[in-house]
Structure formats: C-alpha cells, structure tokens
Amino acid sequence: MQNQRKIRVLIAKPGLDSHDRGAKIIARALRDAGMEVIYTGLKQTPEQIVETALQEDVDVIGLSILSGAHKTLFPMIMELLKQKGLTDVLVVAGGIIPEEDVPEMKKLGIKEIFGPGTRTDKIVQFVFENVPKRT
Amino acid sequence: MPKIQEIARGVLAGDRRSIARAITTIENNSPKAQELIASIFPHTGNAHIIGLTGPPGSGKSTLIDKIIREYRRKGKTVGVIAVDPTSPFTGGAFLGDRIRMQELSTDQGVFIRSMATRNYLGGIAKATKNAAKVLDAAGKDVVIVETVGAGQSEVEIIKVAQTIVVLFAPGLGDEIQAIKAGIMEIADIFVVNKADRANADKAVMDIQAMLQLNNKEKKWKPPVLKTAALTGEGVPQLIERIEEHRLFLEKKFERKRSREKAEAELVEAIKEKVASSIIEELKREGKLEEFLQKILEKKMDPASIAEKLLNRKFGKQV
C-alpha cells in the first residue's frame, strides 16, 4: 500500500508577545509548500508547546518570538523536548533574535534562526532539506 | 521509530507518545497501519464518540473547548480529532482548530489531534475513523470528532460517531435552508450557537418548524438547544442531552446502528482491498496505462473496464 507521508509542522508563539503576523506568513508559506501546519496561537508556555508537538506528532517546530525572552524560553522548550523524548524533531526559530545570541541558541539544538527579511522560500527549502527522515 | 507492537501496547496503556505515533501511522497509510488497527480493535467500543459538525465560523472549536471542560469537571477523559481541509492545489493544510482549545493541551486527561482531510470528501479524513478507535482503545471516555466546516452534504461523520451534534449560528439562512436534505437529517441534537446574538430564537424556531414536518414517527426527537460557546452558556444542558442520547442508544437501537456501521465498514474495507489488489496487479503487468488510455480515448467506460477486471480476477459473475 502507498505510503502517504506528509511533513507536519508546529508554528508556536512562546511567551508574552502578541505579534504573530510573521508566524502566520511562515505558516502560510509552509502550507503552500504542501506541509500540514498547526498553529498554537499566542502566548504559549513551553509546556503547552511541547505537549502540542507531542500530540500532533510533528516533524518540525518553528518558534516565533519578538519579545526578547528567547534566552529564557528556548532552553526550557529544548529541555522539555528532551525529557519527553522528542529528540528527532527539527527545531527552527525566527523573530527578533540578536546576532550575538545566535550561537548560544544553536548550541541548544535549534538548527537555524531566521531573522527579519528572510525569504520564505529559503525557509521552505531549509525545512525540506533538514526534516528528519522517519522509517 | 519503535516497532508497531510497541506502539499498540503503548496505546492500550494510554501513553500519549504512542497514541500520537499510532495516529500518524494510520494517517500515512503506512504498511504497518493494518497490523496496528488489528491489535487495538478488540479493545475498542468503550468510548462514546460524538460528532460535531456545522458551517465554518459557527463556533465548533470554541464549543468543543467548553464541552471538554464540562466533561473534565465530571471526571471524564476526552480525546478530540479536529479536521480541517487540505488544499486541493498544494496538498498542504493549515490546521487551526486547536487554537481555541489550547489551554487544555497540558491536561493529561485530554488528547487533541488536528487532522487534514488529505482530499477525502465528506467532511472528515479517511483516517478519522481509525484515529477515533485509537483514542477509544487508549481509554478515553469521550471522543469528539470535529468535522471541517460543513455545509450541506458532508455527512460522512455518521459512519464514525454515535451521537451527532449539528451546530448553527444565527443569520446563516432562512427556513428554506432548514428543509434541505443532508446535514439537517443526520442531527441527533441541534445547537444554535452564538445565542447572545440577535435572531438566535428565530434560528431555533426555523429548525423546530422543520422538525415538525418529519412525518415519520421517530423514537428519538432531536432537541434544539442554544449555546454561547464563548461564555459556556448552555453547555451543561448540551452535555445532559448528549448523555441522554447515549443512554437511548444503549437501550434502543445501539445494536441496529452498530450493525449498520459494521456493515458499512466491511464494505469499505473490501472495496479498498479489492481495488488496490487489482490496480497493483495491473501495474505489475504494465497494463494500467493501456486501460487508462481506453478511457481517455472514449473506447471503453470505467465501469465496463471494472467489470472486465473483476471477471478476470474472480471468474465470470452470475
């Protein structure tokens, strides 16, 4: 029988910021690239994001943050993912993340940070190329 | 990825990761899906499966959020499958139902899964029925299936759910809409949501007037309720009615309905098996193109070809 695998992506907005224009544009771009995109809505806790990723069995998590709290929230999210055994999920992030914080974020296991002005087709391509293969 | 039997065991133990993986396996129609379904099937049949359908924007997801909370207050565990449409052009989907239920995502007694139709028609996905079985086997007391925003003929949900709630919002149409066939006929319970808006009572009256025209004496008379999903008003009453319907099914014709459902499931399974075995065979022999060409050139119609292929496979039919 034919295997009809689809890439499932969670777009999540951690913390207290209410700006999700970017998150919605990314969600739309990934949708148009043939992926199934789940959006959490605003003001999510790390627990909510990780539980949602688990229930939805996503291949990719895209974190969008503009509040400046990434240095607090991202480590919590990455730690929870590890605790729940979701280690084979590709995590990327976008929003306002200063250049000097990027190495630290990548060390946490976040594969790529997409700053303002990134072309959506570049993000789509990155996801296609880096999504973990499942057997 | 763990072995399929491990996933099945995890599902039966209520392990959330296993439930998620099991649903993915079924959705992707992967080779192991059938083995998985076979091993959980004996453990299904305990959950009450509720279908919630209605037009886009009528408040289905928001109402489900409140329904879950009410069941949780009563100590019940709840599974949700929320279906949204797949783009017929790109194959992608934006699954936005769970935004309205997101506060409940960390409640260990609740499991919410978004599902794209993957171009299956009828308001649900092909995998919806078996995904509901996974949640059932995992021990959820109640499983709620939210269809895509449904208009008139998206009635596949009757093959999945035991109790169907059809949701409307005021101002969506006059009594002519209420006379039409399809979605209006499958409701066990009608709900007019956004009851705080003007015209809610008019919508209730239109539906009631339509129900009075039913000349067949039905044992279950669908009630018409009003809710305001944002505030939760009317939700306890809705749950009471759903429970009443569940008890009614147990007493009255659960057997008949279950039998009908079993028959429909068997027919579907046979269709799929027979169709895929014939198509696979044609592909192996390299004859698929030849037959498709015949259809395209209008030399033979699809039904005649199907008959010919069936005869070839099973011998001449009587």
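This report looks at aromatic pairs and at the interface between chain A and chain B.

The model is predicted: local features need pLDDT of at least 70, side-chain atom pairs count only at pLDDT 80 or more, and totals for chains, interfaces and linings use all residues. Residues are numbered from 1 along each chain as its sequence is written, chains are lettered from A and ligands numbered from 1 in the order written, and side-chain values use heavy atoms, with hydrogens and water left out.

**Aromatic pairs**

Over all chains, the structure holds 4 aromatic pairs. Rings of Phe, Tyr and Trp (its six-membered ring) pair if their centres lie within 6.5 Å; planes under 30 degrees apart count as stacked, over 60 as edge-to-face and the rest as tilted. Two of the pairs are set out here.

| Pair | Centre to centre | Angle between planes | Type |
|---|---|---|---|
| Tyr39(A) and Phe94(B) | 6.5 Å | 35 degrees | tilted |
| Phe168(B) and Phe190(B) | 6.4 Å | 25 degrees | stacked |

The pair of Tyr39(A) and Phe94(B) crosses between chains. Tyr39(A) sits in strand E2 (residues 36-39) of chain A, and Phe94(B) in strand E3 (residues 93-95) of chain B. Strands (E, at least two residues) and helices (H or I, at least four) are DSSP runs, numbered from the N terminus.

Tyr39(A) is buried at 3%, whereas Phe94(B) is partly exposed at 31%.

Phe168(B) belongs to strand E6 (residues 163-168) of chain B and Phe190(B) to strand E7 (residues 189-192) of chain B, so their pair ties together parts that are 22 residues apart in sequence. Phe168(B) is buried at 17%. Phe190(B) is buried at 0%.

**The interface**

Chain B has 34 residues in contact (heavy atoms within 4.5 Å) with 33 residues of chain A. The two chains bury about 2,900 Å² between them, and carbon and sulfur atoms give 46% of this. Buried area is the accessible area (1.4 Å probe) that two parts lose on being put together, summed over both. Arg17(B), Phe94(B) and Gln102(B) supply 18% of the area that chain B buries against chain A, more than any other three residues.

How many salt bridges are found across the interface? There are 8. Each is a side-chain nitrogen of Lys or Arg within 4 Å of a carboxyl oxygen of Asp or Glu. Glu51(A) forms a salt bridge with Arg16(B), with the closest N and O atoms 3.2 Å apart.

Note on methods. Buried < 20%, exposed > 50% of the residue type's maximum accessible area, 1.4 Å probe, protein only.
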